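Here are a few exercises to work through with the model open in your viewer. Try each task before reading its solution.

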Amino acid sequence: MLACFSVYLFEIIIKLPMTATFLPLSPSKWKSLGKWFDFDGKRIFYREEGTGETLLCIHGFPTASWDWHTIWQDLAADYRLIAPDLLGFGFSDKPKGRPYSILEQADMIQSLLKDLGIMQVHILAHDYGDTVAQELLRRYDEIKEGAQKLSIRSICFLNGGLFPETHRPLLIQKLFMSPIGFLIGKLMSRKKLAHNLRSIIGSESEFSDQVIDHLWELIQYNNGTAVAHRLIRYMKERITYREAWVGALQKTAVTICIINGVEDPISGRHMVNRYRELIPNPVIYELEGVGHFPSLEDPKQLLSKLGIYHASIR
């Protein structure tokens, strides 16, 4: 009864006007506030801020940890936030000959958390980051009891390809996957990026020229377009490891939920429907008018739903 009342009270509180203002933070400013970690001889950029339980934030393709800047300060008031740029993304190194697997990204995150002395986390993930989180969840559930392991307290998935059969990639993603993928990166431009990003946001959302500029800067950093065709291979991995990664969602005792911008043509309402079919006792928060990027399109609504979810599991 008390727990239900707490959730009800929290719902009332989050409906009050929020004092936070979401002023654009440039990637260069975001970088200046970050730290660096060595993984297998490569430099990994990450942000760390706040105190309390650890919330690990894992970004999507083809962007970076900067995606979280709109909700960063609000979350830092309650959590110790850790947000890396995955290998090949953002300000982290982007070696051209790397295979770039989801398994390696999970290795990197585990190594980073171990280096920071963190053994227990909540996870907030988006897109590509959803798949990394699924692999972390699989590892958590499969390691024998008593063994030293990363303990996962909860996972909140934002829009992403949790089920390969519901993932609807853009044409440019299919081209990156093709034999001429390496050429597509060379032909990529800010104008094409703007067109593709604006095609997957919601009807009530808008990406300003400034936001597009910032995202293009992050993708271009260290010639990132040259490795995009390698990074996109995660789409094939989702098929290869479907049984393990979907199975992890179905069998885990970890509390999980999705917060989904339902107007996302890639992983929107149709993915939510599949989630309802496959996941026992699904916890779902649907964001109407929002597309693929909840943190950039409607940060206030995302914070509201995330707050309700975390309040319900405490």
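**Exercise 1.** Decide whether L183 is buried, partly exposed or exposed, and find which residues make a nonpolar surface patch with it.

*Solution.* This is a predicted model, and the values here are computed from it.
- Step 1: L183 has a relative accessibility of 37%. Buried requires under 20% and exposed over 50%, so L183 counts as partly exposed.
- Step 2: Locate L183 in helix α7, which covers residues 181-187.
- Step 3: I180, F182 and L183 together make a nonpolar surface patch of about 260 Å².

**Exercise 2.** Find what the side chain of R238 has as polar partners, given that R238 is buried yet has no salt bridge.

*Solution.* 
- Step 1: Go to helix α11 (residues 234-240), where R238 sits.
- Step 2: Look for the nearest side chain of opposite charge: D127, at 5.0 Å. A salt bridge needs a separation within 4 Å, so R238 has none.
- Step 3: Turn to the polar contacts. The R238 side chain meets that of T131 at 2.8 Å, and one of its polar atoms lies 3.4 Å from the backbone oxygen of G161.
- Step 4: Leaving aside residues up to four places away in sequence, R238 touches D127, Y128, T131, G161, P164, H167 and W245.

**Exercise 3.** Carry out the analysis for D264: which side chain of opposite charge is nearest, and which polar partners does D264 have?

*Solution.* 
- Step 1: D264 belongs to the loop between β7 and α13.
- Step 2: D264 is buried without a salt bridge, and R168, the nearest side chain of opposite charge, is 9.0 Å away.
- Step 3: The side chain of D264 makes a polar contact with the side chain of N159 at 3.1 Å, and reaches the backbone nitrogen of S267 at 3.0 Å.
- Step 4: Beyond four places in sequence, the residues touched by D264 include I200, H270 and V290.

**Exercise 4.** Is M108 buried or exposed, and which residues does M108 touch?

*Solution.* 
- Step 1: M108 is part of helix α4 (residues 102-115).
- Step 2: With 0% relative accessibility, M108 counts as buried.
- Step 3: Setting aside residues up to four places away in sequence, M108 touches F37, F39, I44, P84, D85, L86 and L87.

Terms used:
Residues numbered from 1 in each chain as written. Predicted model: local features only at pLDDT ≥ 70, side-chain atom pairs only at ≥ 80, totals over all residues. Heavy atoms only, no water. Patch = residues over 30% accessible without salt bridge, like charges linked within 9 Å, V, L, I, M, F, W, Y side chains within 5 Å. Areas by Shrake-Rupley, 256 points an atom, 1.4 Å probe, with all protein chains shown as cover. Helix = DSSP H or I, 4+ residues; strand = E, 2+ residues; numbered from the N terminus. Buried < 20%, exposed > 50% of the residue type's maximum accessible area, 1.4 Å probe, protein only. Lys, Arg positive; Asp, Glu negative; His and termini not counted. Polar contact = N/O pair within 3.5 Å; in protein donor to acceptor, adjacent residues only side chain to side chain. Contact = heavy atoms within 4.5 Å.
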